[in-house]
Amino acid sequence: MVTLRPILGVALPLLLTALPAAGAAAAGAPRAAWAAGAAGPAGGADTARTTRRIAPGVRLESYDRVEADRWLRVDELVVDLDAPGLGVEYLGGPGAATGPRHGAPRGTVAEAAARHQAGHGRRVVAAVNGDFFDIRGTGAPLGPGIAAGRLLHSAGRGAGAAVGFGPGPVGRVLRLALDGTVTLPGGAVRRLVGHNSARPPADGIAAYTAEWTGTAAALPPGAGAEAEVRDGRVTAVRRPALGTAPPPGSLLLAGRGSAADEVAALRPGDPVRVSAQTTAGAGRPVPTVAVGGRELLVVDGVPQNHDAVRNNTPAPRTAVGFSRDGRQVRIITVDGRQHDSAGITLTALGRLLRERGAHNALNLDGGGSSTLLARHPGGTALTLENSPSDGSLRTVPNGLALTTRSGSGRPAGYRVAAVAGTTRVFPGLTRTLTATGYDETRGPAVAPRPDWWSAPGGAGRAGPDGVFHADRPGSATVYAGRAERPGSRPGRRPHRPRRPHTGELRLEVLGPLARIEASEDRVVLSEPGDSGSFQLLGSDLEGNLAPVEARDVRWHYDRSRWHVDGDGGGGFTVTALSAGGTGSGTGGGTGELRATVPATGATTRLPVSVGDAEPDESEESEDPSDPAESAGPVEPEESGEADAGAGESRAPADAEAAAPGDSARSHPSAVRPSGGPGSSPQESGWVPGLAPWWTVIGAGRHPASLPQRFATGLVAAPWGGPRPAWPGRGAGAADGRRGAPGVPYGAGRRGSVRAVLGGAVPGGPPTGTAPLPAWLPGRPTGPGAAPADETPYRPWRFAVLPGGLTDAEARQAVGRTGAGRVDFVLSAPPGPGGPPSAAAEGPAGHASTETFRRMPGTASFRHRGVRFVPLDTTRPTLEGGGTARLRALRAGIEEAARDPETGALAVVQQHAGPDRVDDREARAQARLLADFRRTSGKSAAVITLAAPVPGEARTGGVLSLRTPDRACTVLDVDMTSPTGRSWVSARERNS
């Protein structure tokens with residue numbers, strides 16, 4: 001955690017230091033909520049949310065969620081019950097068996113939904129599991145059930161909790177009780193204690209009909225006598241036996257306890273009248289559809305505490321919640337008993353549903369029963385949306401089905417999707433798109449083959465075959481449909497169709513492709529004829545990833561041994577044709593596949609093996625004179641080997657193996673002379689499409705100690721090398737291409753280092769920061785050209801210090817950097833939860849005599865156009881730290897996005913390993929920052945204090961700077977930098 005302490009005076013207007021973790025959650029609470037229902041005061045925080053429209057009035061929301069002590073995966077159907085044509089129906093019951101009526105297993109939710117008779121002109125669009133059931137006995141549901149206004153089964157004892165729908169477009173949580181009688185010969189009337197009940201009371205008469213949903217042939221045990229009744233007359237009386245079941249057209253009366261003698265006394269031909277109905281209590285109308293549940297989760301807007309309940313353990317869950325007026329329902333499943341989702345307690349589930357707006361909510365059957373299915377627009381089959389904990393769908397007795405009127409079948413729109421599962425693509429490459437027609441209900445439609453076109457001015461174009469061709473970094477909108485404007489010439493399509501019979505998809509064209517890698521380290525096949533699958537993943541210089549499709553790749557391999565082809569979904573399949581080759585004498589063979597992207601020259605190699613042979617990673621590629629045919633229509637090269645030239649992003653082998661502390665090495669092929677941004681490409685050696693660059697500037701006392709190799713594919717020139725002038729940035733510059741994240745600078749070394757992270761020169765593709773925002777008046781024309789009246793936005797700097805320094809040591813550390821005046825200091829604590837330590841700093845190492853006062857340090861603040869957001873990393877992700885950090889980050893992002901005086905966002909945190917900030921939280925933070933940068937057009941950075949391995953990386957366009965734990969780092973901020981130049985840079989000096 002980082003705290004703020006301002007200095008009153010000229011030298012240090014602000015001071016940041018660290019505070020212990022105690023009270024951090026309260027102090028760091030965001031001023032604004034994430035979004036409607038995104039996080040409550042005592043709840044979790046949502047990440048990675050997606051939304052899909054299922055039908056009119058029905059949408060599916062899926063998201064990850066971090067609670068104080070666990071990660072969750074949630075799927076939620078949000079249903080407007082008053083949507084035209086929408087219905088909720090009981091799923092299961094009679095006809096649910098997959099074989100003969102009795103003694104056969106019932107179906108899963110998917111099987112029941114496929115067989116469900118929704119009625120003429122209706123179809124199922126979503127389904128979910130329902131009631132708890134007698135899992136170790138009859139398999140019948142334990143609570144009440146109503147279908148189309150008819151009672152199917154009652155609760156075992158007394159009134160049972162249920163979710164009910166109707167009459168009308170409303171739903172509610174209620175209790176349903178059985179109101180039934182049995183009139184015996186002679187007029188004696190007995191209370192009916194159960195109707196198709198799985199666990200009826202021990203004493204009384206229960207009735208069972210052909211709608212009995214138990215899987216076992218016999219009725220529930222405990223009956224002393226059974227009487228078969230047809231058309232109001234007893235047809236047989238017998239003692240219960242295995243194989244007893246209600247025959248079609250008749251019912252069985254089961255006498256239990258003292259009532260067994262009355263049933264046994266019946267004789268064939270005796271008149272018996274049975275009446276069974278249900279009541280909702282207090283004169284309330286009985287719903288037309290109902291499914292039982294158990295625990296009340298929310299009652300009249302109050303989440304219920306189930307801490308004393310035995311079932312209140314983390315588990316997979318299914319629940320239903322209703323709005324106050326009952327017109328909106330939320331059907332939710334939470335995955336559990338899995339690595340990615342541990343499950344949720346009843347108490348936490350009630351809080352979650354309340355956050356989602358539920359006024360009343362009921363828990364349904366969970367565990368391995370939890371199942372949620374939904375269709376895609378234009379599809380007929382339902383897709384499993386959650387992840388059942390059993391690993392497969394469980395057989396269940398009932399559920400709920402959402403149905404809607406079948407549409408006209410005429411196309412009302414198209415669902416446009418990318419086959420590779422991503423809308424990202426690199427310049428010069430392609431992305432295959434599909435268009436599925438749907439009607440006015442988002443159901444299947446008989447749609448003609450669509451026309452394709454793109455909005456003018458986009459970063460690419462769509463071909464008539466639905467293939468998008470990316471031209472340059474930026475975005476593009478692609479349309480599919482038949483929406484020709486009246487009077488327009490054939491073949492020309494409006495970029496804003498006038499009719500709704502279209503679909504659209506927005507694609508993001510990333511920076512130029514810098515490198516490609518296979519998704520698998522190697523492919524091992526058991527024998528000839530076997531196949532394996534993999535993807536080729538590309539990345540640009542900002543660390544953005546996207547798959548590369550088959551038509552953009554040329555393959556080189558031994559065609560007598562392997563065959564590689566696109567799998568139609570953005571990936572590849574390799575098939576072993578023989579086991580010959582290296583290692584074949586041991587029962588297998590090894591080889592190598594080499595992929596090249598002709599558009600850029602990027603290449604990668606993938607080891608493969610057959611049988612028990614281990615792939616030989618040092619093996620040379622196959623005969624270069626005999627390349628395999630390309631998986632796409634690419635012209636053959638003059639030779640079989642790809643040129644490792646301008647497009648090649650793989651570093652030399654020795655550079656790959658180098659560590660941050662290795663001695664200096666030089667790789668001239670990876671070094672470009674630099675004139676800096678503002679010079680021409682000819683003068684600087686900069687090649688369009690290869691920005692951003694890394695430039696090292698300065699004059700230290702120990703040049704030999706400076707590390708040469710900063711990351712894979714990135715090399716800096718020797719310290720004593722050429723130093724072309726760079727106006728406004730000093731001298732002594734050399735730049736290298738960066739091909740991967742994780743760029744250390746001066747780790748554990750002495751000397752003064754200033755690292756400038758740049759982007760494209762003016763006129764090149766924008767790969768760094770976004771264009772200057774509107775808040776900055778009078779955009780400058782070059783580096784350091786801010787007008788005098790823009791003093792708040794002129795270049796400035798701040799320092800980052802190791803923890804545990806005294807004031808004098810801190811002043812000396814900043815002074816040794818030669819940075820002169822700094823605006824404020826960030827200081828890491830000496831350890832997790834340690835005392836805060838920071839020092840006031842005067843100009844160039846002179847002691848400051850000004851006094852200072854403390855201020856709360858967990859709140860975000862803005863300084864000269866930059867919004868700083870401190871995050872407390874002392875608490876582990878699953879001990880409350882994850883929710884607190886994600887909330888604070890989201891609040892800071894929202895504030896930075898809406899503030900016209902903010903042009904960049906800087907997240908500041910102390911270094912924390914995966915034991916405190918786990919991988920999922922780190923990915924969630926990265927997504928939030930990347931989305932902020934993309935949607936706001938503002939810059940973003942993460943500054944990590946006291947990192948054991950200092951360095952720099954870019955992921956999704958977000959800069960990450962890790963400062964050393966034994967050195968003072970000065971960060972220069974220049975919000976007037978031209979487009980493409982980084983807005984923050986670093987220099988380092990050991991303390």
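**Questions on a predicted model**

Guide: The protein has nine helices and 60 strands; these are DSSP runs, numbered from the N terminus, with helices of type H or I and at least four residues, and strands of type E and at least two. The model is predicted, so local features need pLDDT of at least 70 and side-chain atom pairs pLDDT 80 or more, while totals for chains, interfaces and linings use all residues. Residues are numbered from 1 along each chain as its sequence is written, and side-chain values use heavy atoms, leaving out hydrogens and water.

Visitor: What percentage of the residues of the protein count as buried?

Guide: Buried means under 20% relative accessible area, exposed means over 50%, and partly exposed lies in between (1.4 Å probe, protein chains only). The protein has 991 residues. The buried share of them is 57%.

Visitor: What share of the contacts with a separation of 6 or more comes from residues 24 or more positions apart?

Guide: Contact means heavy atoms within 4.5 Å. Among contacts in the protein with a separation of 6 or more, residues 24 or more positions apart account for 69%.

Visitor: At what angle do the axes of α8 and helix α9 cross?

Guide: Axes are lines fitted to C-alpha atoms, for helices over the stretch in contact, and angles run from 0 to 180 degrees between N-to-C directions. Helix α9 spans residues 919–936, and its axis comes within 11 Å of that of α8. That makes the two helices roughly parallel (under 35 degrees; over 145 is roughly antiparallel, 65 to 115 roughly perpendicular, the rest oblique). The crossing angle is roughly 5 degrees.

Visitor: How many residues of the contact of α8 with α9 are nonpolar?

Guide: On α8, the contact includes Leu886, Leu889 and Ile893; on α9, Leu928, Leu929 and Phe932 are among the residues. Ala, Val, Leu, Ile, Met, Phe, Trp, Tyr, Cys and Pro count as nonpolar, Asp, Glu, Lys and Arg as charged, and the others, Gly among them, as polar. The contact has three charged residues, three polar and, for the nonpolar class, nine.

Visitor: Which residue is the bridge partner of Asp75 in β22?

Guide: Strand β22 (residues 328–334) is mostly covered, with six of its seven residues buried. Strand β5 (residues 71–80) runs antiparallel to β22, joined by seven bridges; two strands pair if DSSP finds at least two bridges between them. Asp75 has as its partner in β22 Thr333.

Visitor: Which residue in the turn between β21 and β22 has a positive phi?

Guide: Strand β21 (residues 317–322) pairs with β22 in the antiparallel sense over six bridges. Ala319 has Ile332 as its bridge partner in β22. The two strands form a hairpin with five residues between them, and the positive phi, about 75 degrees, belongs to Gly326.

Visitor: Which residues does the cis peptide bond with omega about -5 degrees join?

Guide: Most peptide bonds are trans. Here the loop between β10 (160–165) and β11 (171–183) holds Pro167. The cis bond joins Gly166 and Pro167.
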